[in-house]
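This report describes a predicted model. It takes up the chain fold, the relation between the copies, the contact between them and a few single residues.

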2 protein chains.
Amino acid sequence: MKELCERIKKDGKVRPGNILKVDSFLNHQIDPMLSSAMADEVYRLFGNEGVTKVLTIEASGIALAAFVGYKFGCPIVFAKKSKTSNISDEFYTAPVHSYTHGTDHDIIVSKEYLHPEDKVLIVDDFLAMGAALEGLKAIVEQAGAKVVGAAVAVEKAFQPGGAKLRAEGMRVEALARVASMSDDSLEFCEE
Amino acid sequence: MKELCERIKKDGKVRPGNILKVDSFLNHQIDPMLSSAMADEVYRLFGNEGVTKVLTIEASGIALAAFVGYKFGCPIVFAKKSKTSNISDEFYTAPVHSYTHGTDHDIIVSKEYLHPEDKVLIVDDFLAMGAALEGLKAIVEQAGAKVVGAAVAVEKAFQPGGAKLRAEGMRVEALARVASMSDDSLEFCEE
């Protein structure tokens with residue numbers, strides 16, 4: 001998506017450790033006009049898939065997911081990060097490893113909000129190692145529902161998450177795919 | 001706001017400890033059509049105030065804030081809950097006590113995203129004791145910016161947060177004000 005790639009080139013900042021800082025418009029501070037345009041693009045990609053629910057993870061996926069849910073006219077559910085091990089009949093749970101923080105935590109979704117008949121579109125801001133999307137996929141599968149695919153704002157295509165998920169059969173669409181980055185350059189994949 | 005009050009009556013659940021569970025449409029699962037209608041109402045209330053930024057707190061305020069920011073055509077900033085005491089020049093910070101969880105934590109906002117010339121509308125899903133709004137207000141004041149007011153989805157008007165903030169001079173608008181609740185009844189304040 002040209003508008004997003006241009007914005008990343010203009011306002012994104014590369015930090016040591018393959019960190020791409022886009023928190024002036026995508027997380028922490030959010031440009032709602034850009035998010036809404038991104039949601040239009042997600043609808044163009046997945047609008048024919050009969051999506052009944054948009055699933056994301058707190059906190060930085062929520063704003064984009066909100067606009068996506070609005071375009072699709074369906075509810076949004078956000079998985080919560082659980083501090084304690086939630087051994088409960090009320091929730092679907094999956095472990096997620098954070099490569100950024102070097103920590104493990106569980107994510108939880110109430111069983112009330114995912115059902116076997118749901119066709120679920122997973123939405124998130126970033127895809128790098130794929131840990132969050134794998135956790136969300138596991139939760140959808142526990143519910144017996146179908147993953148229609150995943151839409152992410154930015155994929156770091158030089159990290160293995162996207163390739164792994166696609167090899168597992170998931171349709172993964174990224175609105176911007178970063179091929180490589182260094183202190184003084186940022187290259188996107190050819191579309 | 002009639003539509004929100006009716007939805008709370010229909011789908012809200014009262015739980016022991018004055019808990020009003022609205023996570024089938026307002027947090028955890030979100031109805032984006034209702035959220036967008038709520039944002040229209042917030043715009044009707046604050047549209048003439050020259051708002052330059054919408055400020056909320058992760059995670060359950062973000063979806064409503066996203067739609068509000070879209071209506072106002074201005075950026076959204078969400079305060080993050082910090083696990084560690086963030087003694088850093090990069091952030092504004094304020095302590096927030098959680099009455100629900102009995103814990104204290106700091107919230108942080110990058111200094112890049114709030115400026116003295118900003119006119120800030122604070123948005124959140126719930127107002128009860130007012131701790132989150134007090135923390136957000138403190139952060140806006142640290143930035144030397146102006147708080148235009150606060151818009152919340154649901155105020156528990158039988159708890160003291162709203163009265164305290166209004167006594168301090170803040171304009172606080174709640175789209176639904178719960179006067180009282182018990183297992184078998186839920187009463188809203190007369191408008």
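Where in chain A is Ala59(A) found? Ala59(A) is in the loop between strand S4 (53–57) and H3 of chain A.

## Cis peptide bonds

Glu58(A) and Ala59(A) are joined by a cis peptide bond, with omega about -5 degrees.

In chain B, a cis peptide bond links Glu58(B) to Ala59(B), and omega is about -5 degrees there. Ala59(B) lies in the loop between strand S4 (53–57) and H3 of chain B.

## Fold of chain A

Chain A contains 5 helices and 11 strands. Its radius of gyration is 16 Å, close to the 16 Å that the globule rule gives for 191 residues, so chain A is as compact as a globular protein of that length. The C-alpha trace of chain A spans about 50 × 35 × 30 Å along its principal axes.

Of the 191 residues of chain A, 50% count as buried. Among the contacts in chain A with a separation of 6 or more, 61% are between residues 24 or more positions apart.

## Relation between the copies

Two copies of a chain are related by a rotation about an axis and a shift along it. The same surface serves both copies, and 96% of the contact residues of chain B recur in chain A.

## The contact between the chains

How many residues of chain B are in contact with chain A? On the side of chain B there are 24, and they are in contact with 24 residues of chain A. The elements of chain B that give two or more residues to this side are strand S3 (29–30), H2, H3 and strand S5 (76–82). H3(B) gives the most, with 6 residues. By class, the side of chain B that touches chain A has 14 nonpolar, 7 polar and 3 charged residues.

## Helix packing across the contact

Two packed helices are described by the angle between their axes and the distance between the axes. Helix H3 (residues 62–72) of chain A and helix H2 (residues 32–46) of chain B have axes that come within 9 Å and cross at roughly 105 degrees. An angle of 65 to 115 degrees counts as roughly perpendicular, and H3(A) and H2(B) are therefore roughly perpendicular to each other. From H3(A), the residues Ala66(A), Gly69(A) and Tyr70(A) meet Pro32(B), Ser35(B) and Ser36(B) of H2(B). The residues of this contact comprise 3 nonpolar, 3 polar and no charged.

A second pairing involves helix H2 (residues 32–46) of chain A and helix H3 (residues 62–72) of chain B, which pack at an angle of about 105 degrees with their axes 9 Å apart. H2(A) is thus roughly perpendicular to H3(B). Pro32(A), Ser35(A) and Ser36(A) of H2(A) make this contact with Ala66(B), Gly69(B) and Tyr70(B) of H3(B). Its residues divide into 3 nonpolar, 3 polar and no charged.

Is Lys156(A) buried or exposed? With 20 or more other C-beta atoms within 10 Å a residue counts as buried; Lys156(A) has 23 and is therefore buried. Lys156(A) belongs to strand S9 (residues 146–156) of chain A.

Leaving aside neighbours within four places in sequence, Lys156(A) is in contact with Asn18(A), Leu20(A), Ala128(A) and Val178(A). Met181(A) is 25 residues from Lys156(A) along the chain, and their C-alpha atoms are separated by 9.1 Å.

## Asn18 in both chains

Asn18(A), one of the residues in contact with Lys156(A), is located in the loop between strand S1 (13–15) and strand S2 (19–21) of chain A. Its phi is near 60 degrees, a positive value in a residue other than glycine. Asn18(A) has 16 other C-beta atoms within 10 Å and is partly exposed.

In chain B, Asn18(B) sits in the loop between strand S1 (13–15) and strand S2 (19–21). Phi of Asn18(B) is near 60 degrees, again a positive value in a residue other than glycine. Asn18(B) is partly exposed, with 16 other C-beta atoms within 10 Å.

Technical notes:
Residues are numbered from 1 along each chain as its sequence is written. Chains are lettered from A and ligands numbered from 1 in the order in which they are written. This is a predicted model: local features need pLDDT of at least 70, side-chain atom pairs count only at pLDDT 80 or more; totals for chains, interfaces and linings use all residues. Axes are lines fitted to C-alpha atoms, for helices over the stretch in contact, and angles run from 0 to 180 degrees between N-to-C directions. Helices (H or I, at least four residues) and strands (E, at least two) are DSSP runs, numbered from the N terminus. Angles under 35 degrees count as roughly parallel, over 145 as roughly antiparallel, 65 to 115 as roughly perpendicular and the rest as oblique. Two residues are in contact if their C-beta atoms, placed from the backbone, lie within 7 Å. Ala, Val, Leu, Ile, Met, Phe, Trp, Tyr, Cys and Pro count as nonpolar, Asp, Glu, Lys and Arg as charged, and the others, Gly among them, as polar. The radius of gyration is taken over C-alpha atoms; the globule rule is 2.2 Å times the number of residues to the power 0.38. A residue is buried if 20 or more other C-beta atoms lie within 10 Å of its own, exposed if 12 or fewer, and partly exposed in between; C-beta atoms are placed from the backbone.
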